Amino acid sequence: MKSLLGDLEGFIIFMETVVSGIRPTGSLHLGNYFGALRNFINMQNEQNCFFFIADYHSLTTHPTPIDLYGNVRQILVEYLAAGIDPEKATIYVQSDVPEVAELYLYLNMNAYIGELERCTSFKDKIRQQPQNVNAGLLTYPTLMAADILIHHATKVPVGKDQEQHLEITRTFGNRFNRMYNVDYFPEPKAFNFGQELIKIPGLNGSGKMGKSEGEGNAIYLADEPEAIRKKVMKAVTDAGPTVPNQPKSEPIQNIFQLMKVVSTNETLSFFEEQYNSCQIRYGDMKKQLAEDMILFTAPFRERIIAISSDEAYLSKVARMGKEKAQESAAKCIQEVREIIGFR
Ligand code: TYM
């Protein structure tokens, strides 16, 4: 018995805490899957994982209550359909853990306007929605830091676009430690199994796949085959190579990159050869890409449909996750209050 406990303690000590979240702004797309979700599933067996639905974050774009509720539910369904196991990982809705908002408030006291204004995602938002530059957008990185620090996470599986937010999280955690002369918050790192963080491109020729990057740019896990075919066939290409081994333009690099994640190596090599020998027909390549995407997403879509109607299961998962996440968050908030001097 003693040695079993000893082994268990050793195991618990080695388990790192993992936190990540996704905003509920619609269904999940291949960028979300390859940048984040795939790693959630890979990490849940060995680490202490918290995966949440970032509904506070989504308020920056002022969703209606009906849209908010529906989108939170959809992400919960898709987390489960993609293979996150609620018995292994804690799945929760961010607003079910209001301790996060309290930590956000404390961290905001030591977050400076200048550093928040310099954040790339804030600058992008100013450009995208100049009519709605609210304080929630400016302090978005502080809320993210609160999400991560509240569970003392050390690993954060995210895509390339979140790298800067992780840097800011480390800054805020370290600043808190220095300010109160404590060694309290660990340094969380963006994580992709030792590989570069991923950026999955969209179909419109430039930039990343994203929900707000324009109609037809993203392929969703829940997409019907016909919708996938239509979007892929409209993907931006160029006039085609005119000399052997010509460097690829951005839209063509993007199509190849998408093929790399959903197609077999043989398919990819075949079209590489066709491109390099100037024989490529983009129409054929897109047809193949669409069929491979359909094959890849089909099992997700089936499970999404099945889980979506299981109200009792969804409520149970959300309740279980809320309890576990709250326990961890309440402990942190209690300690933080004491460190700050609230007695
Ligand atoms: P969000 O909802 O925009 O995206 C969720 C996750 O998907 C990744 N991602 C991509 N990865 C590769 N290629 C793409 N085209 C692509 N598009 C999206 C994102 O990098 C992210 O990992 N602020 C976060 C949500 C969040 C969070 C957190 C994440 C809130 N608090 C704490 C981690 C830890 C966001 O808006 O992600």
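**Figure 1. Lys155 and Glu16 in a salt bridge.** Lys155 is buried, with a relative accessible area of 15%. The model shown here and in the other views is predicted. Glu16 is the salt-bridge partner of Lys155, and their closest N and O atoms are 3.4 Å apart. The two residues come from distant parts of the chain, 139 residues apart. Glu16 sits in the loop between helix H1 (2-14) and S1. Lys155 belongs to strand S4 (residues 155-157). Glu16 is partly exposed, at a relative accessible area of 31%. Buried means under 20% relative accessible area, so Lys155 at 15% falls in that class. Side chains of opposite charge can pair when their charged atoms come close.

Figure 2. The side chains of Arg73 and Glu311 meet at 2.7 Å, N to O. Is Arg73 buried or exposed? Arg73 counts as buried, at 18% relative accessibility. Glu311 counts as partly exposed, at 40%.

Figure 3. Asp284 forms a salt bridge with Arg281. Their closest N and O atoms are 3.1 Å apart. Asp284 counts as partly exposed, with 33% relative accessibility. Arg281 is exposed, and its relative accessible area is 57%. A search of the whole structure finds 15 salt bridges.

**Figure 4. Strand S2 and its two parallel neighbours.** Strand S2 spans residues 48-53 and is mostly covered. Five of its six residues are buried. Strand S1 (residues 17-22) runs parallel to S2, and six bridges join the two. Within this pairing, Gly21 stands opposite Phe52 in S2. Strand S3 (residues 90-93) also pairs with S2. S2 and S3 run parallel and share four bridges. Which residue is the bridge partner of Phe51 in S3? The partner is Ile91. In a regular strand the side chains alternate between the two faces of the sheet.

**Figure 5. A right-handed β-α-β unit.** Three elements make up this view: S1, helix H2 and S2. Helix H2 covers residues 30-43. Together the three form a β-α-β unit, and the unit is right-handed. S1 and S2, the strands of the unit, are joined by six bridges.

Figure 6. How many cavities of 30 Å³ or more does a search of the whole structure find? The search finds one. The largest cavity has a volume of about 30 Å³. Gly202, Leu203 and Gly205 are among the residues that line the largest cavity. The lining also includes Ala235 and Val236. Pro251, Asn254, Ile255 and Leu258 line the cavity too. By class, the lining has six nonpolar residues, three polar and no charged.

**Figure 7. The second largest pocket.** This pocket has a volume of about 240 Å³. Its lining is made of 15 residues. Which of them are the closest to the pocket centre? They are Gly214, Glu215, Gly216, Asn217 and Lys231. The lining of the second largest pocket divides into five nonpolar, five polar and five charged residues.

Note on methods. Residues numbered from 1 in each chain as written. Predicted model: local features only at pLDDT ≥ 70, side-chain atom pairs only at ≥ 80, totals over all residues. Heavy atoms only, no water. Buried < 20%, exposed > 50% of the residue type's maximum accessible area, 1.4 Å probe, protein only. Pairing = 2+ DSSP bridges. Right-handed = clockwise from strand over helix to strand, strands pointing away. 1 Å grid on protein atoms, 1.4 Å probe; cavity = no way out; pocket = protein on both sides within 12 Å on 5 of 7 lines; lining within 4 Å. Points joined across faces, edges and corners; volume = space filled by probe spheres on them. Nonpolar A, V, L, I, M, F, W, Y, C, P; charged D, E, K, R; others polar. Salt bridge = Lys/Arg side-chain N within 4 Å of Asp/Glu carboxyl O.
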